[in-house]
Every structure is written in structure tokens, then in C-alpha cells.
Amino acid sequence: MVTLDEVRNAGLLQKPSGDAPEALERTDSNYHPMHTFALGKDLNYQQQFADIYFLRLTKIKPAVEEIAGTAWEGTVIGGETAKRVERVLDVRQGELCWVAGTVYMDMPLKPNILEDVSKDRWISAPTSVQKYYSEDGRDAVMLEDDSGRIRLVGDVLKSYFLVTGCIIAVMGTENANGEFEVIDLKFADLAPQPKRWSLSKAPKKEDVDMSGTPSSASKKIAIISGLEFSSTDTSYAVELNLLLEFLLGEALDPSAQSELTQISRLIIAGNSVANETKNASDEAPTEKKSHKKYGYDSSSYNPLPSQLLDEFLAELLSSIPVTLIPGASDPANASYPQQPIHAAMFPKARSYAATPGSSEPGWFDTVTNPWEGEIEGWRVLGTGGQNLDDMFKYVDSNDRMGMMEAMCRWRCSAPTAPDTLWAYPFQNNDPFVMKDCPHLYFVGSQPEFGTNVIQGPDNQMVRLIAVPSFSATQEVVLVDTETLDVSRVKISV
């Protein structure tokens, strides 16, 4: 009989080392969610949507006028000093002045709710155009307030991203056609930025060894988007399984497993379930329609994608806390801000969620879209992607990072709501106004990865991240919680 010692040198088998494997533990997550975009139970959709724009103008206009007043004070052009006018309709022809207001984009390709009502279409049809922007010059830029509206013209407008709902100040003069010729343009810029650990208590510093090196590496946050679990498309099913093994630390060598323990939290940023539509041509012409009971048509609803997501989350939650942000294709309300996906959709994963009425977040936290919170002391703002996708339709550009920067400098996370981005008609508060500048701002469900760091006039610094759709790119974004540096992991066969 051949013993193990006799074949040890042949490299076929190795004798156990006798050392017990090191027990790995995932680092804790310092997590403080804010409920900025949570709606109450008593919702009323009968009020006017225009109040949102008046609220937004009231909140952001003072900051815009402060910036504009500082920049344009004492400006003299052609022997005339620029003066501030209070309202849009106070602009006089030939007088050099500046005024602040709300931008409105008049675009023929943009959906028009008044046209739908006039044609007795009480439910708006899905938008079929990829861009509202037209190249034939039919688009018009307007500036409005509670007094009226005036058209803006000038080459300087081409140098900025402008969409409906952003608050700006313009300097110029009214011409003979009643149009305001813009010479310069200002906006609010980044909001005041809170210090790190402003909402929660900073943990004690880690022990330092004799060499001065921290005893453990810095934590990381994993962000993924566009998982799009489907009952028909299995083209990336293997990658989804590999993603699960990667996050759990399975099928990896010990050194890689040790690094993965530093991932303290996973954020899923929208579109976790695929948007599967049933075509009428797929149905047999002689098929008899089933009776709907309580408005529920069992023949058109497929529970498999939600079940797959639930099983995926249930396996992950045994090892890592998860924050779930809904997206356009997820089972949540369509209007902004989207409310958390109901726990009833996750019969397996909901056992990790917080009990109703609890003030502390659970291991599984279903949140709103947009979502704001504090992770490892950093103020974080994230969305499922609808706000950026809708803004993309307004402009003649593919620079999505520039659009994210513009939203931060406008101090508005969803400027096009409620014009073309469905939203709740707020009456007393516009939650889309950025009162505080985030340290980290990410947008999910984007066609490709992108990141940038922007700075403000008061030394604010914001890390911008466009999170790519996993179903298309198979990429995971990792954020270092000490430096906010970003890295990507490609999951491929």
C-alpha cells in the first residue's frame, strides 16, 4: 500500500498542514439612513404640480442671486451698469440687467400633458423618442417666475447644460423681438457640505502596530445596478452566480477572501428585476381572456423574476448587509420619489429586515429612490437612474458625468420632475433640492461606468459615480470608505 508520505514529493497529494484555517469576519458597517424622500400615508394627488417649481425657486433663488450679485456687481458694458431686477416681467428693452428664475425648455418632441388632455388621453402614452432635443432650431429656452416668462437667446447658452426646472440667473438685455440676449449665466453652485461623521459618532481609531500601519485595511462599499433578474433572458445567469460567489467570498483563494471581508455593505441601485412586456402577437388569436379577480390578471404576471431576486438576496444577507434602491423596472411606484419595495415581495429575505416601527435599520434595508444617508461618516446620495436618463433627453450631449455635476451645482437631484419625470405634487417642501452637498453621489442603471471628482467654492469635494448596468457590463463598483477612491471588478466567465 502506498502511503501519503511516499507520494508527497510527486505533488499529487499534500498532507494537511495541521493548522486550523483562520476564521474570517466581515467588517461592520457604520450606516445611518436618512428618510429625506419618504412619503406619508395620506397622499393627495389632486393639488397642482406647479407648486413644486415655486418651492424650488423660493429655496434656491437666494443662493443664485448671492452668487450673481457678487460676480456682476459694478459690471459696466457700453457705459451702462448692470442692475438687478426683481421679476422677469420687470425687464425693459435696451436696459442692461440681470434676473433669476426657473428654466423651462419648450421642445416640440417633449411630451405635453395638455395635449393628452385635449385629446381625451387621460393616461399618458409611453415616450417613444430617445431625445427631446431637436437639431432644427425649434427648441426654445425660457426663464420664468411667478410673474411671467421670457425667451432666452445667445451663444453663451450653448456652453451650459440647461433643462426644465433648474434655477439660474442671467445677465443681458431685451432686444426688439422681446427676447433676452444673455451675456453671462450663473447658478447656485455646490451646497454647504457637512463634515464627516456629522450624523453619527465616529468609531474609535484602530490600534496601530509598531510599524505604524493600521491593523486592518480600509472598508469598502460595493455598488451594483441593473441585475435585471428575468424569467426569459438567461444570457448572464452564470455571471449572476459568479457575482454571488464573489460577494460571499466562495471559490476564491484565502488572500482574496481576506480582502473581500473589507466590503462592509452592498448597495443595489435600481432595476433589479427585468422589464418584461408581453407582446400581443405572442398570444393565440383564439385564446380566451381569463377573468380578472380584484384587478389581478394571473396570466400576465410572472412571479419568477421576483423569486430569483429574493433567493439571491437571501443568500447574500447571511454574510453582508444590503441596501436596496428601486428602479424604473422594479415593483415600486412609478412616480418620483419611488418608495421602498414592499417587504412582501421578499418572503425569504425579509427576515433580515427591521421590525415595523423600529428606529434602527435592518440588515436588509429597502429604501426610497432617490436615497440619502450616511455610510462610514460620508454623506451619500444615490438614485436608480431615472433622473439622469430623463435629463439626458434634453441636451445634445452624451456627457453623463457632466450632467451629474450640473445637478450638484444646480442643487437639485431631479430638476425635470414633474415636467417629464413623473413626481408626487409636493406642496410644502421640495425634497429634490440639495440642502447639503453629498460627499458621494452615484446614479445607477447607466450604459457605462464613469467617475469624477468635483470641487466647490468652499472646498467642497464630491465623488461622482455612474454605476453601469450589470446585465450589460457585468461590472461591480467598489468605493474605498477612507479615500473615496473607486475601482471596478469585472465578473466574466
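This is a predicted model: local features need pLDDT of at least 70, side-chain atom pairs count only at pLDDT 80 or more; totals for chains, interfaces and linings use all residues.
Which residue just after helix 2 takes a positive phi? That residue is Gly74, with a phi of about 80°. A search of the whole structure finds 11 aromatic pairs.

**Helix 2**

- Helix 2 covers residues 50-72 and has a kink of about 40° at Ile60.
- The kink lies shortly before a proline, Pro62.
- Ile60, the site of the kink, is also one of the buried residues of helix 2.
- Other buried residues of this helix include Ile52, Tyr53, Leu55, Leu57, Ala63, Val64, Ala68 and Trp72.

**Helix 4**

- Helix 4 has 12 residues, 237-248, and at 1.5 Å a residue it should span 16 Å.
- The C-alpha atoms at its ends are 17 Å apart, which agrees with that expectation.
- The buried residues in helix 4 are Glu239, Leu240, Leu243, Leu244, Phe246 and Leu247.
- Viewed down the helix axis, these buried residues fall within an arc of 165°, and therefore they line one face of helix 4.
- Gly249 follows helix 4 and has a positive phi, near 80°.

**Aromatic pairs**

- Among the 11 aromatic pairs of the whole structure is the one formed by Tyr132 and Tyr394, which is edge-to-face.
- The ring centres of Tyr132 and Tyr394 are 5.3 Å apart, and the angle between their planes is 90°.
- Tyr132 belongs to the loop between helix 3 (113-118) and strand 6 (140-144), while Tyr394 belongs to the loop between helix 7 (386-392) and helix 8, so the pair ties together parts that are 262 residues apart in sequence.
- Tyr132 has a relative accessible area of 1%; because buried means under 20%, Tyr132 counts as buried.
- Tyr394 is likewise buried, at 1% relative accessibility.
- Elsewhere, ring pairs join Phe37, Tyr45, Tyr336, Tyr424, Phe426 and Phe432 into a cluster.

**Charges over the ring of Phe392**

- Lys131 lies over the face of Phe392, 3.6 Å from the ring centre.
- Arg400 also lies over the face of Phe392, at 4.2 Å from the ring centre.

Terms used: Residues are numbered from 1 along each chain as its sequence is written. Side-chain values use heavy atoms; hydrogens and water are left out. The bend at a residue is the angle between axes fitted to the seven residues ending there and the seven starting there. Helices (H or I, at least four residues) and strands (E, at least two) are DSSP runs, numbered from the N terminus. Buried means under 20% relative accessible area, exposed over 50%, partly exposed in between (1.4 Å probe, protein chains only). The expected span of a helix is 1.5 Å times one less than its number of residues. The arc is that of the directions from the helix axis to the C-beta atoms. Rings of Phe, Tyr and Trp (its six-membered ring) pair if their centres lie within 6.5 Å; planes under 30 degrees apart count as stacked, over 60 as edge-to-face and the rest as tilted. A charge sits over a ring if NZ of Lys or CZ of Arg is within 6 Å of the ring centre and within 35 degrees of the ring normal.
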